[in-house]
Amino acid sequence: MDDLEKRIASKDVWTFKECVGLAAEFNVKTRMIILLVHELGKTYLDAS
């Protein structure tokens, strides 16, 4: 999971579309990505 956290940490703002793509790339659920985005203090935008 370390690579995923580094990837999320590399950007300050994540959109839903980007989260879906990241979830597919790492083979996890989109909600897991959104949770990690919030946990790492990044901004999540629900609009595309």
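## Basis and overall layout

Helices (H or I, at least four residues) and strands (E, at least two) are DSSP runs, numbered from the N terminus. The model is predicted: local features need pLDDT of at least 70, side-chain atom pairs count only at pLDDT 80 or more, and totals for chains, interfaces and linings use all residues. Residues are numbered from 1 along each chain as its sequence is written, and side-chain values use heavy atoms, with hydrogens and water left out.

The chain has three helices and two strands. Along the sequence they follow the pattern α-β-α-α-β. The C-alpha atoms fill a box of roughly 25 × 20 × 15 Å along the principal axes.

## Burial and the nonpolar core

Burial is judged by relative accessible area: buried means under 20%, exposed over 50%, partly exposed in between (1.4 Å probe, protein chains only). Of the 48 residues, 27% count as buried.

Which residues make up the largest nonpolar core? There are eleven: Leu 4, Ile 8, Trp 14, Cys 19, Leu 22, Ala 23, Ile 33, Ile 34, Leu 36, Val 37 and Tyr 44. H1, helix H2 (16-26) and helix H3 (30-39) each give two or more residues to this core. H3 provides the largest share, four residues. A nonpolar core here is a set of buried Ala, Val, Leu, Ile, Met, Phe, Trp, Tyr and Cys residues joined through side-chain atoms within 4.5 Å. In soluble globular proteins, nonpolar side chains tend to be buried together.

## Salt bridges

A search of the whole structure finds three salt bridges (a side-chain nitrogen of Lys or Arg within 4 Å of a carboxyl oxygen of Asp or Glu). Arg 7 pairs with Glu 25, with the closest N and O atoms 2.7 Å apart. This pair links distant parts of the chain: Arg 7 is in helix H1 and Glu 25 in helix H2, 18 residues apart. Arg 7 counts as partly exposed because its relative accessibility is 33%.

Lys 11 and Glu 18 meet in another salt bridge, at 2.5 Å, N to O. Lys 11 is partly exposed at 27% relative accessibility, and Glu 18 is partly exposed at 30%. Asp 12 forms a salt bridge with Lys 42, the closest N and O atoms being 3.3 Å apart. Asp 12 lies in the loop between H1 and strand S1 (13-15) and Lys 42 in the loop between H3 and strand S2 (43-45), so the pair ties together parts 30 residues apart in sequence. Asp 12 is exposed at 56% relative accessibility. Lys 42 is buried, with a relative accessible area of 17%.

## Negative surface patch

Asp 2, Asp 3, Glu 5 and Glu 39 form a negative surface patch. Patch residues have over 30% relative accessible area and no salt bridge, and like charges are joined within 9 Å. Asp and Glu count as negative. The place of a charge is taken as CG of Asp or CD of Glu. Areas come from the Shrake-Rupley method with a 1.4 Å probe.

Helix H1 (residues 2-9) gives the most to the patch, with three residues. Glu 5 lies in helix H1. Glu 5 counts as partly exposed because its relative accessibility is 32%.

Where is Asn 27 found? Asn 27 sits in the loop between H2 and H3. Its phi is positive, about 55°, although Asn 27 is not a glycine. Most residues other than glycine have a negative phi. Asn 27 counts as exposed, at 71% relative accessibility.

Note on methods. Patch = residues over 30% accessible without salt bridge, like charges linked within 9 Å, V, L, I, M, F, W, Y side chains within 5 Å.
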